[in-house]
There are 2 protein chains.
Amino acid sequence: MPLDDAQHEYVDKVATFFAMLGSARAWAEILGWLMICEPAEQTQAQIAEDLGLSAGTVSTQLRSHVQLGMVEQVRVRGDRTQRYRLRPGAWYGVMASELERIRALGDLARAGETVLPRDRPERVTELGDLADFFAREWPPLMERMTAELEKGSA
Amino acid sequence: MPLDDAQHEYVDKVATFFAMLGSARAWAEILGWLMICEPAEQTQAQIAEDLGLSAGTVSTQLRSHVQLGMVEQVRVRGDRTQRYRLRPGAWYGVMASELERIRALGDLARAGETVLPRDRPERVTELGDLADFFAREWPPLMERMTAELEKGSA
DNA sequence: CAGTTGTTTCAGGTCATACTGAAATCATGC
DNA sequence: GCATGATTTCAGTATGACCTGAAACAACTG
């Protein structure tokens, strides 16, 4: 089913947002469309057709989504075609994975201690303190988040 | 003062990290150098010389840092040259500004309500709930952060 | 006011990457 | 096993970003 005007506008809005953050346009368009398409499960061919993208682009960018954990494949017995859909809890997963980046920042700060400047060393140490703080706070924050979101959907 | 081996390695580490997140290499190198250079205040010419970058690149990328609030200019009376340094609390500011992105995500989710799919509408609504959650949690988290970091530096 | 040094601007070269289109590959149904 | 259609791969193109180098500009010194 092709996109109507409102859907097209929304896909564009999502694509613009994520493109601003550095994502490939096609990557972001696919994400936007998978948020609102009907049914939620779509084949690569359908996505390519609906968004006017080449099959190659859809294949590549979908693989990226799958690797990032945003999208999952759905096997349908008796049907040759694979379907893809936004993974339940996809948004939650994105936030949870931020912890890895926080840890990487902490590593970066610790590596800086070997070249710690005498003048204003807090340029480096503040980063370490910040990373430590978030490394401590993030897990309980994630727990509160899941508790809150489940409550909403119950 | 040119970089010694350890400093060069660290600048490279910082540059690689931020380049992975999509930053320009020169932007990230300048950031890394401003974290550990001595003294903390540097002129554009010094930075260009030390990092082996052109004056134009340093001018452009430094302006970006200033606009993002990471770096500030230091006026020195009686000296023709402007100096730049990593802003105190620069890392804190980065985290605090995340609230804007959270709000933007919320706007995106709300815009999606006009095209809410019948099948699995939580693809959109979960994003909104998530954004609302973080919009509520972020300010108190920031307060705890500042309290904690001040305690450490006291 | 001229000279010197630091900064900004900008045209051009270089490089990385997104995307396409087509060929190859794969998976399934008959 | 063959035919069909979906998916993957890949060479080629194009778009855009980064960076440089040079010229214009600004700010201070003597």
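Which helices each supply at least two residues of the lining of the largest cavity? Hold that thought. A word on the model comes before the answer: this structure is predicted.

Now the answer. Helix H5 (90-96) of chain A and helix H6 (122-153) of chain B each supply at least two lining residues. H6(B) gives the largest share, three residues. How big is this cavity? Its volume is about 40 Å³. The structure holds one cavity of 30 Å³ or more.

Let's walk around the lining. From chain A we have Leu86(A), Arg87(A), Pro88(A), Gly89(A), Ala90(A) and Trp91(A). From chain B we have Arg120(B), Glu122(B), Arg123(B) and Glu126(B).

Glu122(B) is partly exposed, at 28% relative accessibility.

That brings us to salt bridges. Here is the general idea. Side chains of opposite charge can pair when their charged atoms come close. How many salt bridges are there over all chains? The count is 20. Some share partners: Asp12(A), Arg25(A) and Glu29(A) are joined into one network that way.

Let's take two more pairs. First up, Asp107(A) and Arg110(A). Their closest N and O atoms are 3.2 Å apart. Both residues lie in helix H6 (residues 98-111) of chain A. They are three residues apart, which is about one turn of the helix. Asp107(A) has a relative accessible area of 47%, so it is partly exposed. Arg110(A) stands at 44% and is partly exposed too.

Next, Glu41(B) and Arg85(B). This salt bridge has an N to O distance of 3.1 Å. Where do the two partners sit? Glu41(B) is in the loop between helix H2 (25-36) and helix H3 (44-51) of chain B. Arg85(B) is in strand S2 (residues 83-86) of chain B. So the pair ties together parts that are 44 residues apart in sequence. Now look at the cut-off. Glu41(B) has 19% relative accessibility, so it counts as buried. Arg85(B) has 22%, so it counts as partly exposed.

Back to Arg110(A) for a moment. What does it touch, leaving out residues up to four places away in sequence? Arg103(A) and Asp132(A). Now compare a position further along the chain. Ala147(A) is 37 residues away from Arg110(A) in sequence, and their C-alpha atoms are separated by 33 Å.

Last topic: how the chains relate. Two copies of a chain are related by a rotation about an axis and a shift along it. Here, chain B can be laid on chain A by a turn of 180°. The shift along the axis is 0.0 Å, and the RMSD is 0.0 Å. That is the relation of a two-fold axis. Which residue of chain B comes closest to the axis? Gly22(B), with its C-alpha at 3.3 Å.

And the interface? Of the interface residues of chain B, 100% are also interface residues in chain A. So the copies meet through the same surface.

To close, back to where we began. Thanks, everyone.

Methods: Residues are numbered from 1 along each chain as its sequence is written. Chains are lettered from A and ligands numbered from 1 in the order in which they are written. This is a predicted model: local features need pLDDT of at least 70, side-chain atom pairs count only at pLDDT 80 or more; totals for chains, interfaces and linings use all residues. Side-chain values use heavy atoms; hydrogens and water are left out. A salt bridge is a side-chain nitrogen of Lys or Arg within 4 Å of a carboxyl oxygen of Asp or Glu. Helices (H or I, at least four residues) and strands (E, at least two) are DSSP runs, numbered from the N terminus. Buried means under 20% relative accessible area, exposed over 50%, partly exposed in between (1.4 Å probe, protein chains only). Copies are superposed by least squares on the C-alpha atoms of residues with pLDDT of at least 70 in both. Contact means heavy atoms within 4.5 Å. On a 1 Å grid over the protein atoms alone, a cavity is a set of points where a 1.4 Å probe fits but cannot get out, and a pocket is an open set with protein on both sides within 12 Å along at least five of seven lines; lining residues have an atom within 4 Å of a point. Grid points are joined across faces, edges and corners, and a volume is the space filled by probe spheres set on the points.
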